[in-house]
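Visitor: I would like to learn how to read a fold from its coordinates. Could you show me the model and take me through it?

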Amino acid sequence: MPNRFAGLATQDWNPIVLNKPKPKAQDLRDPKAVNKALRTGAQVETVKKHTAGQNKKTAAAPVVDARKLDAAAEPASLERVATEVRQAIQKARIEKKLSQAELAKQINERTQVVQEYENGKAVPNQVVLGKMEKVLGVKLRGKANHK
């Protein structure tokens with residue numbers, strides 16, 4: 001009969017040395033670890049940071065008020081649909097005997113979009129105005145698009 005445990009019959013009696021992992025920096029800053037090092041007489045290094053515990057910004061970065069920055073970069077209010085455009089949309093839609101929902105379906109937009117254009121709450125979008133021009137047969141983009 002052949003031996004089943006041909007490769008496993010011998011044992012390895014060489015010693016294995018397991019090393020502890022080095023302590024992490026966060027563990028070294030732990031107050032318990034610092035006190036233990038002080039008790040055992042190990043060397044402990046302390047560093048005083050000049051702005052520690054204070055809520056001060058660095059002098060290198062200039063302080064800028066976020067509200068002032070927004071006001072300078074962006075207009076206070078966005079342009080809305082002009083009264084002439086609103087009225088032209090309503091008039092053409094009524095002449096074609098379309099409801100707002102039907103017009104919205106034909107231009108592949110939500111009903112709310114048509115409502116916002118007719119109420120003057122929408123920010124003019126040239127693509128949407130172009131779709132409305134095709135369906136209603138009225139020129140909308142050449143008129144003033146803001147109040």
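Guide: Let us go from the whole chain to single residues. This is a predicted model, in which local features need pLDDT of at least 70, side-chain atom pairs count only at pLDDT 80 or more, and totals for chains, interfaces and linings use all residues. Residues are numbered from 1 along each chain as its sequence is written, and side-chain values use heavy atoms, with hydrogens and water left out.

Visitor: How many helices and strands does the protein chain have?

Guide: Helices (H or I, at least four residues) and strands (E, at least two) are DSSP runs, numbered from the N terminus. Here the protein chain has 7 helices and 0 strands.

Visitor: What share of the residues is buried?

Guide: Buried means under 20% relative accessible area, exposed over 50%, and partly exposed in between, with a 1.4 Å probe and protein chains only. Of the 147 residues in the protein chain, buried ones make up 19%. Helix H2 (residues 31-40) is hardly covered, with 1 buried residue among its 10. Gly41 follows H2 and has a positive phi, near 90 degrees.

Visitor: Which residues have the most contacts inside the largest nonpolar core?

Guide: In soluble globular proteins, nonpolar side chains tend to be buried together. A nonpolar core is a set of buried Ala, Val, Leu, Ile, Met, Phe, Trp, Tyr and Cys residues joined through side-chain atoms within 4.5 Å. The largest one has 20 residues, and Tyr117 and Met132 have the most contacts inside it. Two or more residues come from each of helix H4 (83-95), helix H5 (100-106), helix H6 (111-119) and helix H7 (126-136). H7 gives the most, with 5 residues. Contact means heavy atoms within 4.5 Å; leaving out residues up to four places away in sequence, Tyr117 touches residues including Ile89, Val128, Leu129 and Met132.

Visitor: At what angle do H4 and H7 cross?

Guide: Axes are lines fitted to C-alpha atoms, for helices over the stretch in contact, and angles run from 0 to 180 degrees between N-to-C directions. The axes of H4 and H7 come within 10 Å and cross at roughly 35 degrees. Val85, Ile89, Ala92 and Arg93 in H4 meet Leu129, Met132 and Leu136 in H7. By class, that contact has 6 nonpolar, no polar and 1 charged residues; Ala, Val, Leu, Ile, Met, Phe, Trp, Tyr, Cys and Pro count as nonpolar, Asp, Glu, Lys and Arg as charged, and the others, Gly among them, as polar.

Visitor: Is Arg93 buried or exposed, and what does its side chain reach?

Guide: Arg93 counts as buried because its relative accessible area is 11%. A polar contact is a pair of N or O atoms within 3.5 Å; within protein, one must be able to donate a hydrogen and the other to accept it, and residues adjacent in sequence count only if both atoms are side-chain atoms. The side chain of Arg93 reaches the backbone oxygen of Leu98 at 2.9 Å.

Visitor: Where does Glu133 lie, and is it buried or exposed?

Guide: Glu133 lies in helix H7 and is buried, at 13% relative accessibility. A polar atom of its side chain lies 2.7 Å from the backbone nitrogen of Arg141.

Visitor: Which loop holds Lys97?

Guide: Lys97 is in the loop between H4 and H5. Although not a glycine, Lys97 has a positive phi of about 55 degrees, and its relative accessible area of 73% makes it exposed. Asn108, in the loop between H5 and H6, has a positive phi near 60 degrees.
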